[in-house]
Structure formats: structure tokens, C-alpha cells
Amino acid sequence: MNKEFKLPDVGEGLTEADIVSWHVKPGDTITINQVLVEIETAKAVVELPSPYAGTVSALLVAEGQTVDVGTPIITVDVPVAGEAPAPDGGVQGAAGGQAPADDQAAADAQAAADTAPPQPPTAPAPPPARQPVLVGYGVKPGSTSRRPRKSAPTRPGSYPSSPSIPPNGGPMPNGGSMPNGGSMPGSGPLPGNGQVPPQAALPARFAPPPTRTSGRGLAKPPVRRLARDLGVDLGAMAGTGPEGSVTRDDVQRIAGAARDRSKIQSSENQADERQAVADLSPGGPASAEERIPVRGVRKHTAAAMVASAFTAPHVTEFLQVDVTETMAAVRRARELPEFAGVKVSPLLFVAKALLVAARRHPMINSSWDEAAQEIVVKRRVNLGIAVAAERGLLVPNVKGAEALALADLARALDAAAATARAGKATPGDLADGTITITNVGVFGVDAGTPILMPGEAAILAFGQIRDLPWVVDGVVAVRKVTTLSLSFDHRIVDGELGSAVLRDVGSMLADPVRMLAWS
């Protein structure tokens with residue numbers, strides 16, 4: 001039995017994903033929970049395990065394609081326990097001349113059913129239990145039942161369909177005959193001019209195939225999307241699927257033929273095209289532009305940044321800080337046995353200072369609930385760290401960072417960044433952040449105006465540390481100086497609160513002993 005595996009929602013209410021790579025191919029034997037495919041959602045790369053054991057029949061989606069949640073992506077031939085081959089009784093009956101007897105029995109059974117008194121309705125079967133699926137449980141069966149459909153009344157002049165009509169004018173089950181030469185089965189002469197009324201229904205096997213009155217090809221939504229992406233006109237196609245519907249193979253075949261024609265035309269005009277491109281591009285015979293599909297993390301980041309920039313009123317404040325004492329503390333911490341095997345950087349002390357400031361000013365660790373018109377103050381600090389990964393900007397967060405000791409915080413930050421850079425961050429790693437740090441100093445930048453993560457009230461940018469002249473006790477000296485930039489949602493954080501948070505972070509970096517005093 002062929003079963004389709006549909007793309008599930010792997011969390012966070014995602015609506016689509018990109019197929020990154022298949023781990024199986026048609027003909028492979030698979031087991032339950034064997035990894036079938038890697039998909040890239042708007043937040044992470046996720047491996048999908050198989051809910052079935054059997055043989056792969058077909059891969060329905062190619063690598064690199066964007067697929068909506070609920071779209072079938074693979075079919076698996078699942079063996080059914082106790083499945084028996086189909087009986088050959090129909091063929092033997094035809095060979096032994098038993099078909100008329102079978103038709104007579106069917107007619108008698110139909111007549112008995114028509115004259116038998118109506119039977120009381122049977123009790124409905126209990127609803128099926130909820131079945132576990134890839135994420136959570138399936139839809140809970142409803143307690144309501146659909147009202148039975150009323151049958152349409154028989155119109156005057158209409159006739160019931162016969163159980164079977166032998167070909168070539170053979171005898172009918174109840175004595176009638178059909179062309180060539182006869183009347184309707186079991187009845188007198190036909191009304192009027194002897195023609196079958198237009199309301200008379202014929203059996204499905206004798207009914208003419210349905211005709212399409214519209215020029216638009218019949219196709220399922222995924223096939224229509226594929227045709228649109230490949231530039232194929234469904235209305236001009238003759239499908240090979242059920243009832244003439246257009247299948248995925250039909251679309252790909254037409255698109256392949258179009259590509260072949262395009263290649264021939266391209267090879268004929270290749271020299272002219274290269275010359276035209278060379279004329280347009282000052283760099284020589286190269287493409288004048290490059291178009292990159294927006295998918296996965298880039299697509300999600302773009303939507304999130306637009307939503308944040310045009311929803312929350314941003315304000316950014318800047319503060320230059322002498323972090324000479326912090327750099328000395330970094331060097332000292334690296335020598336302590338508690339930090340053995342752990343990466344200790346200035347970012348660790350910036351993160352700890354922000355956590356202490358958030359405890360002193362809880363409103364900075366909050367969000368705006370537009371629907372309820374409320375400010376939601378978060379008791380836990382899920383500290384986000386912006387990571388420039390190969391797939392784009394990722395912001396994993398350390399859950400409950402305010403409760404971690406300095407060494408544990410260092411390990412958690414290092415692990416979160418390494419997981420994100422390796423492309424292994426899960427949707428859970430990237431969700432539910434409450435406040436974020438972005439280290440723009442690693443790119444050689446002094447400061448910036450960072451955009452808030454959606455649902456957060458503040459983000460702190462940490463610039464590069466440089467040797468600059470600084471006045472110390474009335475004397476100019478060369479000191480280690482950095483610039484802090486704090487962007488905040490002005491609906492929640494006013495200028496006084498934003499300034500207090502930034503000033504506290506700067507004070508703790510200028511004198512790390514304050515961090516101990518305020519913790």
C-alpha cells in the first residue's frame with residue numbers, strides 16, 4: 001500500500017520549507033524513524049524521520065524546491081499484514097460463461113433490496129483515537145457527525161439506471177433487450193419516439209468520458225505552483241492523470257522539452273549574446289546581474305526586520321567606554337581553572353553586565369502585546385547572541401541566562417554560537433529570546449543602529465575595542481576603548497530608562513568590581 005508523507009509543521013507555526021537534500025532514493029528500503037530528508041525552515045535545518053517502514057516509491061519534490069506545509073513529498077510502499085492477492089473469480093466467470101448468471105443474481109438482490117422494509121440505522125462506530133505524528137498528536141476527532149445527504153426526488157420521465165447492459169444487443173437480465181433492436185430492460189415501450197430520455201442514467205462504464213469546457217488544465221495546487229515556477233501553460237496541456245488531470249511528470253516533461261529548445265536556440269545565438277553582455281558589463285563578458293532566490297533564513301530575516309522596523313519605534317543611544325580594566329579581567333579569567341577549556345572573551349563580560357542591568361531595570365526585558373494592549377515583563381532572561389552563519393543571520397538564545405555563573409555563561413554562549421555556525425540550531429534554540437547582543441566589533445566596526453528582534457524591547461551592539469587617547473585623572477593616556485549602542489522600543493522604554501541601562505552596562509565594563517557589587 002502506497003502512503004504519502006506530507007511535509008509537517010516542525011514547530012513555531014511555519015508554513016513552508018526548502019528541501020535541502022534527500023537521504024533516500026526510489027527503491028530504498030527504509031525503517032521507522034530513519035532520516036528521509038533535510039529541510040531548511042525559516043529558522044533552522046531540520047532532519048525529518050520516516051513515520052513508515054517499507055520501500056521508497058517516489059520522491060515527489062526535488063532538492064532546492066520550496067514546499068508548503070501539508071504537501072506530499074515522498075511516497076512509501078508499506079506492506080500490509082495479511083494482505084492477499086486479488087482473486088481471479090471475475091476472469092474465470094467470464095471464461096466459463098457465468099456473467100449472465102451473476103447479472104441475474106445482482107438484479108434479484110437489487111429487487112429484494114428495493115422491496116425490503118427499511119432497516120433501523122446502526123450505531124455509529126466510535127471515533128478513531130488520536131494518533132501520534134511527527135510533531136505532537138494528530139487532530140482530535142470531532143464529536144459531531146454530518147447529517148446524511150437527502151436523495152433528490154425522482155423527476156417525471158426519469159428512469160433508474162439498469163444494473164448492467166450487455167453489449168451488442170444481448171438479452172437483458174429481466175427479459176428486455178437493447179439495440180440492436182429492443183426496449184428498456186423490464187419495461188414496456190419507450191415513451192414518445194422511442195428515444196431514451198435525456199434524464200436516463202447509464203452505468204459508469206458505459207458513460208462517455210467527461211469533457212472539459214474550460215481551457216484551463218485540471219491540476220492539484222502543488223502542480224499548478226510547479227507549472228507557474230517553470231513557466232508552463234496548463235491550459236494548453238493534455239494531462240495523463242485521472243480524468244485528464246495534469247500531473248507533476250507532465251509539467252516537468254513539457255518544461256524539459258522547452259529547455260531543450262532553449263538550449264538549441266541559445267547555442268545558435270551564443271556569440272551574439274556574449275558580445276551584448278560584454279557591452280553592458282564594464283567587467284567584460286560576464287553577466288550584468290545576478291538574481292538570488294530569497295529562501296529559508298534570509299527570507300525569514302527579511303520579514304522579521306521589516307516587521308520590527310515598521311512596528312516598533314526605534315531609538316538608539318551610544319556610549320564610549322574605557323574597558324581597560326575589563327580586558328585585564330579577561331586575561332585573568334583565562335588563567336583560572338574554572339575557565340579551563342572555555343573561550344573567554346570581552347563579549348562574556350558585556351553579556352554579564354547586560355544581565356545585571358536587566359535585573360536592576362526589569363522593564364528592559366519585556367515585550368509589547370498589541371492585541372491585549374499590555375507590556376509583558378519577562379522574569380527570565382533568554383539572552384540572544386547574533387551569529388553570522390553561512391545560512392545568514394541567526395540569533396540563538398541562552399535560556400535562563402540570568403541564573404548562570406560566569407563560567408557556565410561562557411560555556412553556554414560558546415555552545416550556542418558554535419551550533420548556529422554549524423547549521424544545527426533547532427527552532428527551539430532560536431525561539432523565545434527576550435533581549436539580544438550583537439557583536440559588530442568582530443567586523444571592525446565601532447558602532448551601529450541595530451534593529452530589534454521581533455518581540456523584544458532592546459538590543460545592545462558591542463563595537464570593536466581600539467587603543468584611543470583617554471583622560472585618566474587629568475592626564476591623557478592610551479586606553480582600550482569601545483562604543484556601546486543600545487536600540488530600544490520607545491513604546492516600552494523611555495529615554496531615562498534606556499540611558500540608565502546603557503550607563504550601568506558602561507560602568508560595569510569600566511570597573512568590573514561594580515558587576516560583583518550589583519549582582
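**Figure 1. Four strands line up as an open sheet.** In this predicted model, the strands of the sheet follow the order E1-E8-E6-E3, and their pairing is antiparallel. Helices (H or I, at least four residues) and strands (E, at least two) are DSSP runs, numbered from the N terminus, and two strands pair if DSSP finds at least two bridges between them. Which strands stand at the edges? They are strand E1 (2-6) and strand E3 (29-30); each has a single partner strand, so one side of each is left without a neighbour in the sheet. As a reminder, strands of a sheet pair through backbone hydrogen bonds, either parallel or antiparallel.

**Figure 2. A closer look at E1 and E8.** E1 and strand E8 (residues 72-77) run antiparallel and are joined by five bridges. To find one of these places, look for Phe5: its bridge partner in E8 is Ile74.

Figure 3. A salt bridge is a side-chain nitrogen of Lys or Arg within 4 Å of a carboxyl oxygen of Asp or Glu, and the structure holds 11 of them. In this view, the side chains of Asp322 and Arg479 meet at 2.9 Å, N to O. The pair links distant parts of the chain, 157 residues apart: Asp322 belongs to strand E9 (residues 314-322) and Arg479 to strand E19 (residues 475-489). Are these two residues buried or exposed? Both Asp322 and Arg479 are buried, where buried means under 20% relative accessible area, exposed over 50%, and partly exposed in between (1.4 Å probe, protein chains only).

**Figure 4. Arg466 pairs with Asp446.** The closest N and O atoms of this salt bridge are 3.4 Å apart. Arg466 sits in strand E18 (residues 466-472), while Asp446 is in the loop between strand E16 (435-438) and strand E17 (458-462), 20 residues away. Arg466 is partly exposed, with a relative accessible area of 36%; Asp446, at 29%, also counts as partly exposed.

Figure 5. Asp489 and Arg491 form a salt bridge whose closest N and O atoms are 2.8 Å apart. Asp489 counts as buried at 2% relative accessibility, whereas Arg491 is partly exposed at 27%. Salt bridges with shared partners join Glu370 to Asp489 and Arg491 in one network.

Figure 6. Ala417 lies in helix H9 (residues 406-421) and is buried, with a relative accessible area of 9%.

**Figure 7. How confident is the predictor?** The protein chain has a mean pLDDT of 77, and 67% of its residues reach 70 or more; pLDDT is the predictor's confidence in each residue, from 0 to 100. Over residues 135-139 pLDDT stays under 50, and the model has nine contacts (heavy atoms within 4.5 Å) for them beyond four places in sequence. Residues 172-188 are also below 50, and this stretch has 35 contacts beyond near neighbours in sequence.

**Notes for all views.** Residues are numbered from 1 along each chain as its sequence is written, and side-chain values use heavy atoms, leaving out hydrogens and water. Because this is a predicted model, local features need pLDDT of at least 70 and side-chain atom pairs count only at pLDDT 80 or more, while totals for chains, interfaces and linings use all residues.
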